[in-house]
Amino acid sequence: MKKMTIDADGLYYRELNQRIREAVASGTRDFELKNVRGQRYIAGALDGKLTFLIHGTPGQDLGSFMRGPSLRVEGNAQDGVGNTMDDGAIRINGMAGDVIGYAMRGGSVYVKGDVGYRVGIHMKAYKDKFPVIVAGGKAGDFLGEYMAGGAIILLGMFSDKPEAPIAGRTLGAGMHGGAVYIRGGIDARQLGPGLHAEPADETDMKLIKMHAQAFANEFTLDAATILSQPFVRVKPFSHRPYGNMYVPT
Amino acid sequence: MKAPQRYFDFEKDISGCGVFGVINRKKKLIPGSMPIAAMCTMHDRGNGLGGGFAAYGIYPHHAEKYAFHIMADDQAGLDAAETILKDHFKIHESQPIPTRKVLAVKNPPVVWRYFVTAGGFRRPRWREMSEEDYVVAVVMFINKHTGAFVFSSGKNMGAFKGVGFPEDIADFFRLDEYNAYIWTGHNRFPTNTPGWWGGAHPFTILDWSIVHNGEISSYGINMRYLCEHDYECTLMTDTEVVAYLLDMLVRKHGLTRREASWVFAPPFWDEIDRMSEAQKRAFTALRMVYGSALLNGPFAILVADSTSLMGLNDRIKLRPLVVAEAGDMVFMASEESSIREVRRDLDRVFAPKAGEPVIVEVEA
């Protein structure tokens, strides 16, 4: 089990990613990246059981297309975290930007704090592939827009924005699969057209409890506090909500 | 776009513009090296077809004079602009803007600066105007009728811009030699309009400067609306309208910056429906009176003038913007990493809500 530490200070993203890929090819499994500031595509498209401990602010598309690696960021992440990721775990001990988990199809992304706009847009699930995003803070507009599968769990607890509603406008607009779970509840006008929030059932709570526990372990929090409030669920309003949209039957 | 032959070899240039701004509330001067380093971190947000900076507080010895930065393809263009300036202003000092020869900056235009006052005299056709309106009119006249462009016309501030990556443009204009209490920077990835010297950001008029990531889809409406108010768009880039709209809304019509941002990114009608009667009337009026000044399309803009720095997103946040505070300094940028590059210890980092401006003013 070889370990590699890279000081990314002033290192161009292509050089950084090339060094990582070369090291992976020669058997390195664990990486610690220091002074990361803006380098894009870190761990992008990597395959297998790798771990990355990242200090700093990684750039766009962190962990995009990856299948398996575990990433932990000590700091904030920017936009496009987990873009189309297939499997693995991304843990951000801070906040994250827009379009987190875009078209994500497996694995999980935990963000301790606030997340931006369009988080979980186009997420999808298939057979054993079931992507999950947990955001400890609040979310911007269009959370889970066009969502087709998987789960988003929004806690609203570790936020920088005390005045803001837990999620922005048009949550789940156009969703036709998967579910968004919201701790405490949500104002109906924040939801996309035709959607409503209902209490999470036992099956939902099993999933929520499992991830609340893992989330608490990851960021040294108390799972019982997270679970001390009821959760509501937002799901598509029918099996094929948009089946008649373009070609009426 | 048609798929290129051998599409599997095709390297797509994936970018979006990048913006950075910093203000010191106590007006302490910040060296040019800071915005340059911040923009370098966002190098890949542009493609070398436009870079630029605006700096406030750089001409303290001429603080009461309008600093005109003018560029022209050749000496004849510059001469034409200079003749107009001499005709309309008292020129106190003029000089080439100091530049370096930079390998990456090819065929630069002639760049010159003039420190002028409007004095008591006016050309007859503009006699009725206030001093600021007069300056605006002269800028429009030069831009429209000569081969030269005024790329900055404020007091104790200046814009520097051109075709190249921002770090190249900074090198060209020797920006490492300037100190300012507000800086904005821009890295351009032109989408709908040509990448040329006049079309680089910032866009300016009087003290206003603006850098923008996104595209103003309402450009046609905004441009025609401005035309009715004697602002002529000549720089072939959508962002130009924002500079003139701000000048009109804030300086001429007396709106606050907060109100101007409600014009640019108004609340949705369903939000207006939920407001109190008085607010409903006010916001409906604002949308009706200034419907043609609404900015449609994605944007993250940084607006500066001599007293403030403002960041604003379109109301559905189609472009990134992050704000950070550290003591008397406030930073605004497309990417947090660019702020961390120049300041590691930040008191607070947050992404503003879509359509809600962050306005930071210098202390009086």
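Helix α6(B) and helix α7(B) cross in a right-handed sense; a crossing counts as right-handed if the near helix is turned clockwise from the far one by less than a right angle, and as left-handed if anticlockwise. The model is predicted: local features need pLDDT of at least 70 and side-chain atom pairs count only at pLDDT 80 or more, while totals for chains, interfaces and linings use all residues. Residues are numbered from 1 along each chain as its sequence is written, and chains are lettered from A and ligands numbered from 1 in the order in which they are written.

**Helix pairs in chain B**

Two packed helices are described by the angle between their axes and the distance between the axes. Axes are lines fitted to C-alpha atoms, for helices over the stretch in contact, and angles run from 0 to 180 degrees between N-to-C directions. Helices (H or I, at least four residues) and strands (E, at least two) are DSSP runs, numbered from the N terminus.

| Helix pair | Crossing angle | Axis distance |
|---|---|---|
| α6 (residues 240–252) and α7 (residues 257–264) of chain B | roughly 135° | within 10 Å |
| α2 (residues 75–88) and α3 (residues 131–145) of chain B | about 155° | 10 Å |

The angle makes α2(B) roughly antiparallel to α3(B). Angles under 35 degrees count as roughly parallel, over 145 as roughly antiparallel, 65 to 115 as roughly perpendicular and the rest as oblique. The crossing of α2(B) and α3(B) is right-handed.

Residues are in contact if their C-beta atoms, placed from the backbone, lie within 7 Å. Between α2(B) and α3(B), the contact is formed by Ala81(B), Ile84(B) and His88(B) on α2(B) and by Val138(B), Phe141(B) and Ile142(B) on α3(B). Five of these residues are nonpolar, one is polar and none is charged. In this scheme Ala, Val, Leu, Ile, Met, Phe, Trp, Tyr, Cys and Pro count as nonpolar, Asp, Glu, Lys and Arg as charged, and the others, Gly among them, as polar.

**Sheets in chain B**

Two strands pair if DSSP finds at least two bridges between them. Strand β4 (residues 66–72) and strand β6 (residues 110–117) of chain B are joined by seven bridges, and Ala67(B) has Phe115(B) of β6(B) as its bridge partner.

Three bridges pair β11(B) with strand β12 (residues 208–214) of chain B, and Phe203(B) stands opposite Ile210(B) in β12(B).

**Contact between the chains**

Chain A and chain B each give 16 residues to their contact. On the side of chain A that touches chain B, one residue is nonpolar, nine are polar and six are charged.

Key:
Contact = placed C-beta atoms within 7 Å.
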